[in-house]
Amino acid sequence: LHHAASQGARPCIRLLVASGRCDYLIRDHQGRYAFELAIEWARDYAVGRLLATKQARQAAARGGAAFVPR
């Protein structure tokens, strides 16, 4: 998901999200979430917002914080 988000690969992101098996709370080796890469590298704000929303929902379901600043 991180690689697809950083490259702006919407078809791949769509496939991954639709699978229902993504963990949106995982960070890369530099501590960044997938939504951050979508915004920072691919400049795809729509995908960034989608991933951030998915991340917030997943965090709420787990009873944790949606975004933990570095």
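**Helix packing, cysteines and a loop**

Author: Start with helix 2 and helix 4: R10, I13 and V17 of helix 2 are in contact with A46, V47, L51 and K54 of helix 4. This is a predicted model.

Reader: What does that contact of helix 2 with helix 4 look like by residue class?

Author: Five nonpolar residues and two charged ones, with no polar residues.

Reader: And at roughly what angle do the axes of helix 2 and helix 4 cross?

Author: Roughly 15 degrees, and the axes come within 12 Å. Angles under 35 degrees count as roughly parallel, so helix 2 and helix 4 are roughly parallel to each other.

Reader: Is the crossing of helix 2 and helix 4 left-handed or right-handed?

Author: Helix 2 passes helix 4 in a left-handed crossing.

Reader: Changing topic. How many disulfides?

Author: The count is zero. C12 is in no disulfide, and the nearest cysteine sulfur to it belongs to C22, 9.1 Å away.

Reader: Is C22 buried or exposed?

Author: C22 is buried, with a relative accessible area of 13%. C12 counts as partly exposed, at 35% relative accessibility.

Reader: Now A38. Where is A38 found?

Author: A38 is in helix 3. Its relative accessibility is 0%, so A38 counts as buried, the cut-off being under 20%.

Reader: Which residues does A38 touch, leaving out those up to four places away in sequence?

Author: A5, R43, D44, V47, G48 and L51.

Reader: How far apart are A38 and A9?

Author: They are 9.4 Å apart, C-alpha to C-alpha, and 29 residues apart in sequence.

Reader: R43 was in that contact list for A38. Where is the place of R43?

Author: R43 sits in the loop between helix 3, residues 34–40, and helix 4, residues 45–62.

Reader: What about phi of R43?

Author: Phi is near 55 degrees, which is a positive value in a residue other than glycine.

Reader: And is R43 buried or exposed?

Author: R43 is exposed, because its relative accessible area is 54% and the cut-off is over 50%.

Key: Residues are numbered from 1 along each chain as its sequence is written. This is a predicted model: local features need pLDDT of at least 70, side-chain atom pairs count only at pLDDT 80 or more; totals for chains, interfaces and linings use all residues. Side-chain values use heavy atoms; hydrogens and water are left out. Helices (H or I, at least four residues) and strands (E, at least two) are DSSP runs, numbered from the N terminus. Buried means under 20% relative accessible area, exposed over 50%, partly exposed in between (1.4 Å probe, protein chains only). Axes are lines fitted to C-alpha atoms, for helices over the stretch in contact, and angles run from 0 to 180 degrees between N-to-C directions. Angles under 35 degrees count as roughly parallel, over 145 as roughly antiparallel, 65 to 115 as roughly perpendicular and the rest as oblique. A crossing is left-handed if the near helix is turned anticlockwise from the far one by less than a right angle, and right-handed if clockwise. Contact means heavy atoms within 4.5 Å. Ala, Val, Leu, Ile, Met, Phe, Trp, Tyr, Cys and Pro count as nonpolar, Asp, Glu, Lys and Arg as charged, and the others, Gly among them, as polar. A disulfide is a pair of cysteine sulfur atoms within 2.5 Å.
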